[in-house]
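Here is a walk through one structure, from its loops to its cores and rings. Have the viewer open as you read.

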Amino acid sequence: MGHTVLVGLEDFVRGVQVATDPAPRTVSDSEAGAMRFALQSVFKKGASPSEDQIAESFVNAVNEYSMCRGYVAGLSRYRYQKNDSSRAKVDAVTLYRPSDAPRRKGVPDWAHILLYIEFKKGGTELDPFDDDDSDNPEASADRRTAARAQLIAYTHNVFLYQYRDALYSLFVNGREFRILRWDRSGVIATKKHDYVKDPRPLLEFFAYFEVLSDVQQGIDCTATLLAPTSKAYKLMDDFARANTSDMPHADKTEISPLDTTSSPPTPPASPPPVPSEDLSTTADTPSAVAYQGSAFGTRQRTKQATQMRSDTPAPADDSGQPEDDEDYLDETEDPEGGVERVFQYVRDKFRASIDRPFLVGKPIFFSTSMFGRGTRGYVALDELAEVEGDGEVPATSILSDATPSPTRASSVIGQKRAYEDMADSTADAGTHALREDEGSVTESESESGVFRHHRHYRVVVLDVCLPFTEIASSTQLVRLIYQCIYTHSLAYEHCDVLHRDVSAGNVIIRPQLTEIQGRPGWTKVAWTGILTDWELAKVVPKDGSKQTAKQPERTGTWQFMSVAYVQDHPAPVTVADELESFFHVTLFYAVRLIRTNIPNVEAFVVNYFDSYSPGAGRLGRVCSDTKTHIITTGSLFAHSLDIRFYLDKKRENKKLNELLGRWLELFRARYAVRKWERQSSGEQESGPAGTSLGSNGLIDGLLLPTREPT
C-alpha cells in the first residue's frame with residue numbers, strides 16, 4: 001500500500017487531533033478504574049479471549065459506561081446490509097448516533113457509520129503495522145497484510161456509502177489498540193498501547209471524538225442525506241419510472257415525432273425494444289422505432305410531482321420549522337418548446353442509482369481504491385442548480401465527485417521524513433492526485449516516496465454518455481476511436497495541449513439527435529466518440545524548447561502507456577506516445593467486443609495490459625513482454641498465435657486486420673528509428689533487468705517468437 005505513517009499517541013494528540021469547542025471532557029479516575037475492571041475480567045490471568053468475546057466486552061463498555069457519550073455501539077459481525085452489492089459484513093463494532101442506529105440487530109448501516117472498531121484476538125501475526133520500523137510500518141507477512149486489507153476494505157465501503165473527507169477507526173488486537181485516521185492520501189496510525197493496563201488514552205480518544213463536529217469527524221457537509229419523506233426523495237422515485245417518451249439510443253435508430261396533445265401516459269410494463277447490432281457485422285445497420293402516445297416529458301412530470309407533494313409538509317424540528325427547505329423544487333421552468341425527452345439509458349441509469357437515499361443516489365462508477373482521487377460519478381437530478389453563473393443544470397446530467405480535502409495524512413506523511421513537530425501539520429491543498437486504479441498513477445506512491453495533497457471538487461456536465469462497451473461492431477469502434485484521435489489532434493495543433501491520459505476509461509460515446517432531411521419531425525440517433533477527462537492535460541512547447549517532467553510519477557494509465565514512454569521515464573509524454581495509446585485502447589476493446597481467434601481473451605488482456613517486467617537500473621518496471629514485442633516488431637503475434645479478427649466463424653474481418661497491421665507498421669518504424677538513434681549515440685536501449693534489445697529489435701534472453709508483419 002505504501003500509504004501509512006506511524007506516530008506515537010502523544011504525537012497523534014498534538015499533531016493530528018484538532019482543537020474542539022467545547023474542549024473534550026476530562027476522564028476521571030473512576031471512569032478509568034471502571035473500564036479497567038470491566039476489561040480485566042475478560043483478560044484475566046491465563047485467559048485467551050476470542051475476537052467475539054473482546055468485541056462484546058467493548059460494546060457493553062461503550063454503552064453501559066457511556067465511554068462515548070451521545071453514541072451507541074453495535075455488533076455487525078455476521079450479517080450484511082440488504083442493499084449492499086458487496087455484501088460486506090463489518091467484522092467490528094460500529095458507532096452511530098442513537099437516531100441512526102440500525103433497526104435490524106447485527107446488520108451494519110454503511111450510510112451512518114461514524115467510527116468502526118476492528119478486533120483481532122491478539123498476537124504480532126495479526127497486527128497490520130510494525131512499530132519497529134517507522135519508515136516502513138506496513139508489515140509484509142501474509143496474515144498481517146490480510147488484516148490491513150480488511151481495514152482498507154471497511155474504510156473504502158464507508159467512503160463509498162457516505163460523502164467524507166476523513167474517517168476515524170480503532171484497531172484492537174487482543175489487549176492492545178491503535179487509533180487510525182484515514183483520508184484519500186493515506187492512514188495515520190498510532191503505535192500500539194495496552195488499554196487493559198492503562199485504558200485512559202482510549203477513554204480520552206472517545207472523549208475527544210464525542211465533541212467533534214460533523215466536519216471534524218470527516219463528514220463532507222456539502223452533500224445532504226435526503227429523508228424518505230422529503231419531496232426531493234420522492235421526486236427521484238418519480239423520475240426513475242419508465243416514460244413512453246424516452247428514446248432508444250442505438251446508433252442510427254430513427255425516432256418518430258411525438259404526439260404533444262395527449263395527457264400524461266401510464267408507464268408501460270416494459271420499455272420499447274432497443275435495436276442492436278450483431279458483433280459480427282462491419283456495417284452499421286439503421287433501424288426505426290415509432291412511438292405512439294404522449295410527449296409528457298421530464299419537466300412536466302417534475303411539475304406534477306412537486307405539485308402533488310407540496311401539500312405534505314416536511315417534518316419539523318424542535319423549533320417547529322420544516323427541516324428541509326425544498327422550495328427550489330417548485331421553481332422548475334419549461335424548456336424551449338415545452339417538451340424535454342431523454343434517452344432510455346439515461347433514465348435506466350438514474351433508476352439504478354437510487355437504491356439508497358442520497359441526493360444523487362448511488363454512483364454509476366467509482367474508484368475501487370481507498371487511496372487516490374476517489375472519483376465517483378452519478379446520473380444527477382438537479383432542478384435549478386447554478387454553476388458559476390452559467391445558468392440552469394438540466395434535469396439529467398453527470399456529476400463527478402473527486403478527492404475529498406483536506407488530506408491530513410499527506411501532510412503528516414510528507415513531514416515524517418524530517419519529523420520534529422506535527423503541530424503545524426494541517427494540509428495545504430496542492431495539485432490533484434494522479435489516479436491509481438482509474439487512472440493515472442502507474443508508479444505507486446510508495447515506490448516514488450511521494451504522498452500527494454488532494455483538493456475536493458465537483459464537476460457537472462450536460463451529457464450522460466455511454467461506455468465503449470456498448471459498441472456493437474468493428475466499424476463503430478474504428479469510427480469512434482477516429483473521432484477521439486481527431487479531437488486529440490485539434491487540441492494539440494490549435495491549443496498546444498496534450499491529453500496525457502489516453503485510456504479505455506477516457507473514451508466514451510455521446511448519443512445525439514440529428515434531423516432526417518425530407519422527413520419533418522423525424523430524427524436519427526448519431527453516436528460520437530468523445531475523448532474525456534482532460535484534467536491531466538498540459539500545454540507543450542512547440543518552439544523547440546526542451547520539455548521536462550515536473551512530477552516524479554509517470555502520468556497516465558499503466559495499461560495503455562506506450563512502450564517508449566515507460567522505457568524513457570522520466571521523459572515527458574509525446575504525441576507519438578499518445579497515438580500508441582490509442583492503438584492500445586483500440587486493441588483492448590477489439591479483443592473484448594469483436595470476434596477473434598484468441599482462445600482465452602481474459603488471459604491475453606491480463607498478459608498484454610496488466611503485466612509488467614522488472615526494469616533495469618532506474619526503471620522500476622517496464623511493459624509486459626507481449627506488449628513490447630507486438631509494438632516493437634509491428635506484428636500482432638503472441639504466444640505462437642497470429643491474432644486475427646473475424647466477422648463470423650468463417651469470414652475474416654479484413655478491414656480491421658489491415659488497419660491494425662498498418663498501424664503497427666508505423667510503430668515498428670518508430671522503434672527502429674529509436675534503436676538507430678540510441679546505437680548512434682552509444683546509448684543502451686532500455687529493457688527488463690538483465691536484458692537488452694538485440695539486433696532483431698527483440699529483447700535478448702526472452703523466449704519471444706519472431707515474425708515479420710504481414
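In which loop is the place of Ser 640? Ser 640 falls in the loop between β22 (637-638) and β23 (641-642); strands (E, at least two residues) and helices (H or I, at least four) are DSSP runs, numbered from the N terminus.

A quick word on the source: this is a predicted model, where local features need pLDDT of at least 70, side-chain atom pairs count only at pLDDT 80 or more, and totals for chains, interfaces and linings use all residues. Residues are numbered from 1 along each chain as its sequence is written, and side-chain values use heavy atoms, with hydrogens and water left out.

Ser 640 isn't a glycine, yet its phi is positive. Lys 252 does likewise: it is not a glycine and has a positive phi. Here are the two side by side.

| Residue | Phi | Relative accessible area |
|---|---|---|
| Lys 252 | about 70° | 29% |
| Ser 640 | about 65° | 67% |

That makes Lys 252 partly exposed and Ser 640 exposed (buried is under 20% relative accessible area, exposed over 50%, partly exposed in between, with a 1.4 Å probe and protein chains only). Lys 252 is in the loop between α7 (231-240) and β9 (253-255). There's also a cis peptide bond, from Asp 21 to Pro 22, with omega near 10°. Pro 22 lies in the loop between α1 (9-15) and α2 (29-40).

**Cores**

The largest nonpolar core has 66 residues (a core is a set of buried Ala, Val, Leu, Ile, Met, Phe, Trp, Tyr and Cys residues joined through side-chain atoms within 4.5 Å). Helix α14 (residues 575-593) gives the largest share of this core, nine residues. A second, separate core has 43 residues, including Cys 68 and Tyr 168. In soluble globular proteins, nonpolar side chains tend to be buried together.

Back in the largest core, Phe 468 is among the residues with the most contacts inside it. Setting aside residues up to four places away in sequence, Phe 468 touches Leu 477, Ile 481, Val 507 and Tyr 589, among others (contact means heavy atoms within 4.5 Å).

How do the axes of α12 and α17 cross? Helix α12 (residues 474-495) and helix α17 (residues 654-681) have axes that come within 11 Å and cross at roughly 35° (lines fitted to C-alpha atoms over the stretch in contact, with angles from 0 to 180 degrees between N-to-C directions). Ser 474, Val 478, Ile 481 and Ile 485 in α12 meet Leu 656, Leu 659 and Trp 663 in α17.

Ile 631 belongs to helix α16 (residues 625-633) and is buried at 0% relative accessible area. Its C-alpha atom is 6.4 Å from that of Arg 668, 37 residues apart along the chain. Beyond neighbours within four places in sequence, the contacts of Ile 631 include Phe 583, Tyr 608, Leu 664 and Arg 668.

**Rings**

The whole structure has 24 aromatic pairs. The rings of Phe 205 and Phe 206 have centres 6.1 Å apart and planes at 55°, so this pair is tilted (Phe, Tyr and Trp rings, the six-membered one for Trp, pair with centres within 6.5 Å; planes under 30 degrees apart are stacked, over 60 edge-to-face, the rest tilted). Both Phe 205 and Phe 206 are buried. Ring pairs also link Phe 468, Phe 560, Phe 588, Tyr 589, Phe 604, Tyr 608 and Phe 609 into a cluster.
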